[in-house]
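Here are my notes on the model, as numbered points. Please read them with the structure open.

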Amino acid sequence: MKTSKLFIVAIFCLTLIISCSDDDDNPAPVNPTELFTNVTLTFTPSNGANATVVMEDIQPNGQGGGGATSNTVTGAFVSGETYTLTLAATDASDPNDVDDLLNDDVIPEADEHFFVYGLNTLNFTMTRDANDVVGLDGNKIGVNTTWVAGAASTGNLSITLVHEATAVDEAANNNLGSATGGEEDFNITFTNVSIN
């Protein structure tokens, strides 16, 4: 009788150990971090006679990954002109399979992403458009924006994509936005930007 009880207890312990070890074999899936290699800002003027301004940052190893990089500004803004900003953010590390991170990751996960813009000595008025993408907290994330160039000036324009911020404010800093906490998917500064 004692042997039977010991046998049953041994089977129970063995079952418990095996079931615990099975949990370790199937860890929770981890979402991979997006690799932003190419970020492009295209400012299209309302007056077709004025030039489109394109800012492009290429970092083949991803933002902050080192290696050969390219950061360019093509064209100049015209004082008094209104521009519509179109964003593009891709992972082009595999030229045979370029990932559209903006439309495939950032916008579908709007509640986890927020764009913060920055200006240094540049005269712009920026608004987040009515058709901008809105996160769960009700803040427009800054995908669809309109920019009005003010008086002639030269300076820097920056764009930061914040992931899982603890708090965001779309109206802060004259609609350029602010974010607290979270991690930066990218933080890019374009220098020598001109309004003529």
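1. The residues lining the largest cavity fall into one class: 7 are nonpolar, with no polar and no charged residues. Keep in mind that this is a predicted model.

2. Which residues line this cavity? They are Val39, Leu87, Ala88, Ala89, Phe115, Ile159 and Phe186. Strand β4 (residues 82-91) gives the largest share of the lining, with 3 residues.

3. How many cavities of 30 Å³ or more are there? The count is 1. The space in the largest cavity comes to about 30 Å³.

4. Three strands form an open sheet in the order β6-β9-β12. Their pairing is antiparallel. In general, strands of a sheet pair through backbone hydrogen bonds, and the pairing can be parallel or antiparallel.

5. Which strands sit at the edges? They are β6, residues 113-120, and β12, residues 183-195. Each of these two pairs on one side only. Between neighbouring strands of this sheet, the average turn is 15 degrees, with direction ignored.

6. Look next at the pairing of β9 with β12. Strand β9 covers residues 153-163. Its antiparallel pairing with β12 runs over 10 bridges.

7. Phe115, Ile159 and Phe186 are among the lining residues. Strand β6 spans 113-120 and β12 spans 183-195, while β9 spans residues 153-163.

Definitions and conventions. Residues are numbered from 1 along each chain as its sequence is written. This is a predicted model: local features need pLDDT of at least 70, side-chain atom pairs count only at pLDDT 80 or more; totals for chains, interfaces and linings use all residues. Side-chain values use heavy atoms; hydrogens and water are left out. Two strands pair if DSSP finds at least two bridges between them. Helices (H or I, at least four residues) and strands (E, at least two) are DSSP runs, numbered from the N terminus. Axes are lines fitted to C-alpha atoms, for helices over the stretch in contact, and angles run from 0 to 180 degrees between N-to-C directions. On a 1 Å grid over the protein atoms alone, a cavity is a set of points where a 1.4 Å probe fits but cannot get out, and a pocket is an open set with protein on both sides within 12 Å along at least five of seven lines; lining residues have an atom within 4 Å of a point. Grid points are joined across faces, edges and corners, and a volume is the space filled by probe spheres set on the points. Ala, Val, Leu, Ile, Met, Phe, Trp, Tyr, Cys and Pro count as nonpolar, Asp, Glu, Lys and Arg as charged, and the others, Gly among them, as polar.
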